[in-house]
Amino acid sequence: MRDLVRRIESATPPDRDRAVDALRALAILGVVLGHWLVTALVADSGTVHGASPLGHMPEFTPVSWVFQTLAVFFLVGGQVGAKGYAAARARGESYGRWLRARTVRLFRPVAVVLTVWAAAAGLMLLSGVDPGTVRALGKLVWSPLWFLLVFAALTAATPLVARLHPLWPLAVVLHVDLLRLGLDGPASLGWINVAAGWLVPYCLGAARARGGLSSRRTRWALLLGGAGAAVGLVLFAGYPASMVGVPGGELSNLDPPTLAAVAFGLAQCGGALLLSGPLRRVLARPGVWAVAALVSLSAMTIFLWHQTAMIVVTSTALFLAGPLPGLHDVPDGPGWVLARLAWLPVFALVLLVCRAAFGAYETRGGSRSTVVRKVSPAPVPESRHA
């Protein structure tokens, strides 16, 4: 490990913005921990079905404000995309070649996880597992993939949106919510916000790539203004308090994104930009930087396989020991929360195994030398969330 740390440190260009990698790593860890904490698989009468502690314990809602970090992914994605496209143009590289390279990097590991799960689902059905159980497990794996489609679309549109002011997509979100929620317009209008809502942090990232958003006053304005707007919309405009979907809820802040979710994303972006300076100082330590770089370079693999890790632990424990607290019981009390926290290290261990098995499809090789090579070519990694 010491040798790996030294090699990563020596291979890192002096002008690399390490804070970008750290923000991506923090964002992916937020998504992973959030899913592990707000997703439960309840074993009941020979079947397994999904449940959420947020539906049983509303007081658990603030967790969704801590671990719903998608806006940071799009902030980093916009910065990396805009800078990468500008560098490609400077090299004389065509738009098609630039986009093809990023699309392959994005979807190659997706094909692997879908193939593995298609085979697993077929084997479960052939072995007599209840179809409802197979459907519940599969949904946990494929439902988060919507994010990748949106991210790919925004990446493809980078030449068009790289200089778009974030206020324009924010205004679209505002008017869509006004029409569909305030004036009882068609609910289908909300799907416009799938693009417009995530375009807001993506445009902020593109602005950062151009050297904007450097003022601390601007960053504090994003943080405080976005947080104040999000709280106000929840308290006085009827938006849900949870920043993730809750089963059985009348309205979700993410499906599709609402004005409250976008305002909250502005606050996250402001906070992330304010953290950039302190992060760069901390990341000057080779050991800390090595961890951030490895997580950042494996972000796609971690995102794609973290639910599988939870499912493997849950299913194996059910088969070997029967229903266990924090894994198979209804998430309706503090006891479940404490038990789930105790299971998190086990989930993480299995996720590390998945990373070792499938990480090569993201990094084009699984050796230590590959990791070092991936650190060195560009100021920021050519990757997306999560």
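Is Asp3 buried, exposed or partly exposed? Asp3 is partly exposed, with a relative accessible area of 35%; here buried means under 20% relative accessible area, exposed means over 50%, and partly exposed lies in between, for a 1.4 Å probe and protein chains only.

The model is predicted, so local features need pLDDT of at least 70, side-chain atom pairs count only at pLDDT 80 or more, and totals for chains, interfaces and linings use all residues. Residues are numbered from 1 along each chain as its sequence is written, and side-chain values use heavy atoms, with hydrogens and water left out.

View 1. Arg7 and Asp3 are joined through their side chains by a salt bridge, at 3.8 Å from N to O. A salt bridge is a side-chain nitrogen of Lys or Arg within 4 Å of a carboxyl oxygen of Asp or Glu. Both residues belong to helix H1 and stand 4 residues apart, about one turn of the helix. Helices (H or I, at least four residues) are DSSP runs, numbered from the N terminus. An α-helix has 3.6 residues a turn, so residues three or four places apart point the same way. Arg7 is partly exposed, at 29% relative accessibility.

**View 2. Glu9 and its contacts.** Glu9 is also in helix H1, which covers residues 2-11. With a relative accessible area of 26%, Glu9 is partly exposed. Residues up to four places away in sequence aside, Glu9 touches Arg18, Pro286 and Trp289; contact means heavy atoms within 4.5 Å. Ala309 is 300 residues from Glu9 in sequence, and the two C-alpha atoms are 30 Å apart in space.

**View 3. Two further salt bridges.** The structure holds 7 salt bridges, among them those of Arg16 with Asp21 and of Glu93 with Arg91. Between the side chains of Arg16 and Asp21 the N to O distance is 3.0 Å. Arg16 is buried at a relative accessible area of 6%, and Asp21 is buried at 0%. For Glu93 and Arg91, the closest N and O atoms are 2.8 Å apart. Glu93 counts as buried at 18% relative accessibility, whereas Arg91 is exposed, with a relative accessible area of 55%.

View 4. Helix H2 takes in residues 18-38, and its 21 residues should span 30 Å at 1.5 Å a residue. The expected span is 1.5 Å times one less than the number of residues. The end C-alpha atoms of H2 are 30 Å apart, which agrees. H2 is mostly covered, with 17 of its 21 residues buried. The largest nonpolar core has 101 residues, of which Phe74, Phe147, Leu148, Trp198 and Leu304 touch the most other members. H2 gives the most to this core, with 12 residues. A nonpolar core is a set of buried Ala, Val, Leu, Ile, Met, Phe, Trp, Tyr and Cys residues joined through side-chain atoms within 4.5 Å. In soluble globular proteins, nonpolar side chains tend to be buried together.

**View 5. Thr155 in helix H8.** Thr155 is part of helix H8, residues 146-156, and counts as buried at 9% relative accessibility. Its side chain reaches the backbone oxygen of Phe151 at 2.8 Å. This is a polar contact: a pair of N or O atoms within 3.5 Å, where, within protein, one must be able to donate a hydrogen and the other to accept it, and residues adjacent in sequence count only if both atoms are side-chain atoms. Neighbours within four places in sequence aside, Thr155 is in contact with Trp98, Leu99, Arg102 and Tyr202.

**View 6. Ser242 in a loop.** Ser242 sits in the loop between helix H12 (216-236) and helix H13 (259-282). At 7% relative accessibility, Ser242 is buried. The Ser242 side chain reaches the backbone oxygen of Val244 at 2.8 Å. Not counting residues up to four places away in sequence, Ser242 touches Leu54, Thr61, Ser64 and Asn253.

View 7. The whole structure has 0 disulfides, a disulfide being a pair of cysteine sulfur atoms within 2.5 Å. Cys203 is in no disulfide, and the nearest cysteine sulfur, that of Cys269, is 11 Å away. Cys203 counts as buried at 0% relative accessibility. Cys354 is buried too, with a relative accessible area of 9%.

Terms used. Helices (H or I, at least four residues) and strands (E, at least two) are DSSP runs, numbered from the N terminus.
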